[in-house]
Amino acid sequence: MENKYLAKVNQSLSEPVPEHTNMDDSLRAILKVVRSLSEDLREEKFYLDKPWLEFRDDENFHDAILHFFNDEGEYLRSINGDVEIGEWRYLSSSNKLMVNLGEDITELYNLEFLDPEFFILSKHGDNKKLGRPEYLVLLHERVGQRLVWREALEKLFNKYRNNNSFLITITLIVLALIALVVLLSY
């Protein structure tokens, strides 16, 4: 029985990052395992007043796009230093985020993952069917500055691996303590 347990431990620590030809497919697979580690939109401290760098898997995408969600609903988007001003709003009843960049541009997003380094949203609707990107992938600027999208997704998947290794370590410590108590009781 111990060998099966250790094999499972080893498998979880060596599990490869799901690889696909595009970011949306890879992210869909990764989100299945990391979603439980996500924070919630009502916990604004995780995303307010931070520079969020946008990631895409488009080879023709070379822009530096930063998103800022500031206090009092101020939203800023900087594209290569050109700043657009808008508004954002947290819709608490549905745990969604609405972003407005002018009269004709209002978008509704679902939260997919949030922590101090990652802010991943999906635009509401069936964008996969429509042939549009499904996710808005944002990394804290200091974390994502020198990464490409595959490295960013590997970093996200490592959160799952690290969380599993922590839980496994705790489990092994508890089992060792139980074994020690049993041995000392005889």
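This is a predicted model: local features need pLDDT of at least 70, side-chain atom pairs count only at pLDDT 80 or more; totals for chains, interfaces and linings use all residues.
Side-chain values use heavy atoms, with hydrogens and water left out.

Let's begin with helix H2, residues 23-34. Helices here are DSSP runs of H or I with at least four residues, strands are E runs of at least two, and both are numbered from the N terminus. Which residues of H2 are buried? They are Met-23, Asp-24, Ser-26, Leu-27, Ile-30, Leu-31 and Val-34, where buried means under 20% relative accessible area, exposed means over 50%, and partly exposed lies in between (1.4 Å probe, protein chains only). These residues cover an arc of only 150° around the axis, which puts them on the same side of H2; the arc is taken from the directions from the helix axis to the C-beta atoms. An α-helix has 3.6 residues a turn, so residues three or four places apart point the same way. At the start of H2, a side-chain oxygen of Asn-22 comes within 3.2 Å of the backbone nitrogen of Asp-24.

Now for the loops. Glu-72 sits between strand S2 (65-69) and strand S3 (74-79), and has a positive phi of about 60° despite not being a glycine. Its relative accessibility is 85%, so Glu-72 counts as exposed. Asn-80, in the loop between S3 and strand S4 (82-91), also isn't a glycine and has a positive phi of about 50°; at 45% relative accessibility, Asn-80 is partly exposed. Asn-127 is in the loop between strand S7 (118-123) and strand S8 (135-140), and counts as buried because its relative accessibility is 3%. Setting aside neighbours within four places in sequence, Asn-127 is in contact (heavy atoms within 4.5 Å) with Arg-132, Pro-133 and Glu-134.

On to the rings. Rings of Phe, Tyr and Trp (its six-membered ring) pair if their centres lie within 6.5 Å, with planes under 30 degrees apart called stacked, over 60 edge-to-face and the rest tilted. By this rule there are eight aromatic pairs. One of them joins Phe-113 and Phe-118, whose centres are 6.4 Å apart with planes at 75°, so the pair is edge-to-face. Both of these Phe residues are buried. Tyr-47, Trp-52, Phe-69, Tyr-75, Trp-88 and Phe-119 form one aromatic cluster.

The structure holds 10 salt bridges, each a side-chain nitrogen of Lys or Arg within 4 Å of a carboxyl oxygen of Asp or Glu. Among them, Lys-123 pairs with Glu-107, the closest N and O atoms being 3.1 Å apart. That pair links distant parts of the chain, with Lys-123 in strand S7 and Glu-107 in strand S6 (residues 106-114), 16 residues apart. Asp-40 and Arg-42 also meet in a salt bridge (3.3 Å, N to O); Asp-40 is buried at 17% relative accessibility, while Arg-42 is exposed at 61%. Finally, Asp-25, Arg-28 and Glu-134 are linked in a network of salt bridges.

Notes. Residues are numbered from 1 along each chain as its sequence is written. The expected span of a helix is 1.5 Å times one less than its number of residues. A polar contact is a pair of N or O atoms within 3.5 Å; within protein, one must be able to donate a hydrogen and the other to accept it, and residues adjacent in sequence count only if both atoms are side-chain atoms.
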